[in-house]
Amino acid sequence: MSLIPSPTELVARARADLRVGVPVVLADESGAGIIVLAAERVSDVRLADIRGLGGEMSVAITAWRAETLKARAYDGDLARLVLPSDADAAWLNAIADPAYDLQAPMKGPLQSLRTGEAGLHRLALLLAKSAQLLPAVLTSTVENAHKLAAESGLTLLMARDAQKDLAAHHPLHPVAAARLPMEAAEAGRLHIFRPDNGGIEHYAIEIGRPDREAPILARIHSACFTGDVLGSLKCDCGPQLHTALAEMGKAGAGVLLYLNQEGRGIGLANKMRAYSLQDQGFDTVEANHRLGFEDDERDFRLGADLLKRMGFGAVRLMTNNPRKVEIMAEMGIEVTERVPLITGTNRHNAHYLATKAAKSGHLL
């Protein structure tokens, strides 16, 4: 029946549920599963309700966050922390958010589960990340996941379907395009693309009339509200954006792919959390790790997807990041030249740029 939501649509619904503090249910093929709630969105009322279910409760966090909290990650890439009997919503929030780690270190030691399967917990963390929430989730085991979801009106995700959807590269589809005169070039055109999973939209800015049969000057630019809009001096994103557009204007043609992957893919809220940690002395990568994220959570395949959608097969790529060049080649886009994009440093971003070079391999 076409009215029944598809697995992709259910994952989109689950993301929205977690963001507003509503639990979701993950189930395996046996019908057993876990109820999941984002740790940063837990209330004492919902915590009491989940306790009332009588299942084994734990808090799943990534190995990076576990390292910060001095907790054992027996499951490799994650740890399942035993929930203390007196834990409240504030305790759970402190597990998830490192804002006060230095001022008020966690009381411990924290106990990690050694036995049992962690597959559903790993999936729950992926779901939280996809919702741009901190990767820390409250979980409780349930024997009949389908019954609980039906009686409570909660979104039910089958593990196999959700895992496949979260790992998939969802194609981008054109939504709208219109002429847009800009400072860099009066002959400009803005294209809007939307993924088929209801995710965030991405943009392509076309300068002039690029020849689809020749390598085009191109840039894959990740959104940076603080740098692109506010002129932040903490990074080089704004200058890179404007320099790239200006160079395309001078060349008479080019395409800039503006990917909404703020903060290396963790979202603006988490990026501001990382900035707070940087004020405590941590570098960009260290801050991401303390939050529970990888060094870089972005998906540059989106850039290749947009280029193909627009009919480009070869580019002169404006980037200092060798990883972008590698991914373009893997996705079937020929990079005939890497064009350096050096914009200078200031006293606010010198350490940030040094970290990009030392830990992320950028050629600066």
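**Helix packing exercises**

H11 passes H12 in a right-handed crossing (the near helix is turned clockwise from the far one by less than a right angle; anticlockwise is left-handed). The model is predicted: local features need pLDDT of at least 70 and side-chain atom pairs pLDDT 80 or more, while totals for chains, interfaces and linings use all residues. Residues are numbered from 1 along each chain as its sequence is written, and side-chain values use heavy atoms, without hydrogens and water. Helices are DSSP runs of H or I with at least four residues, numbered from the N terminus.

**Exercise 1.** Describe how H11 and H12 are arranged, and name the residues of their contact.

*Solution.*
1. Helix H11 covers residues 268–279, and helix H12 covers residues 284–291.
2. Their axes (lines fitted to C-alpha atoms over the stretch in contact, with angles from 0 to 180 degrees between N-to-C directions) come within 9 Å and cross at roughly 120°.
3. H11 is therefore oblique to H12 (under 35 degrees is roughly parallel, over 145 roughly antiparallel, 65 to 115 roughly perpendicular, the rest oblique).
4. On the H11 side, the contact (heavy atoms within 4.5 Å) is made by Asn270, Arg273, Ala274, Leu277 and Gln278. H12 supplies Thr284, Ala287, Asn288, Arg290 and Leu291.
5. Sorted by class, the residues of this contact are 4 nonpolar, 4 polar and 2 charged (Ala, Val, Leu, Ile, Met, Phe, Trp, Tyr, Cys and Pro are nonpolar; Asp, Glu, Lys and Arg charged; the others, Gly among them, polar).

**Exercise 2.** At what angle do H1 and H7 pack, and which residues meet?

*Solution.*
1. Helix H1 spans residues 7–19. The angle between H1 and H7 is about 85°, and their axes are 9 Å apart.
2. H1 and H7 are therefore roughly perpendicular to each other.
3. From H1, the residues are Pro7, Thr8, Val11 and Arg15. They meet Asp161, Ala162, Asp165 and Leu166 in H7.
4. The contact of H1 with H7 has 4 nonpolar, 1 polar and 3 charged residues.

**Exercise 3.** Describe the packing of H5 and H7, and say whether their crossing is left-handed or right-handed.

*Solution.*
1. The axes of H5 and H7 lie 11 Å apart, at an angle of about 40°.
2. H5 is therefore oblique to H7.
3. H5 and H7 make a left-handed crossing.
4. H5 contributes Leu120, Leu123, Leu126, Leu127 and Ser130 to the contact. Ala159, Ala162, Gln163 and Leu166 belong to the H7 side.
5. The class count for H5 with H7 is 7 nonpolar and 2 polar, with no charged residues.

Technical notes: Helices (H or I, at least four residues) and strands (E, at least two) are DSSP runs, numbered from the N terminus.
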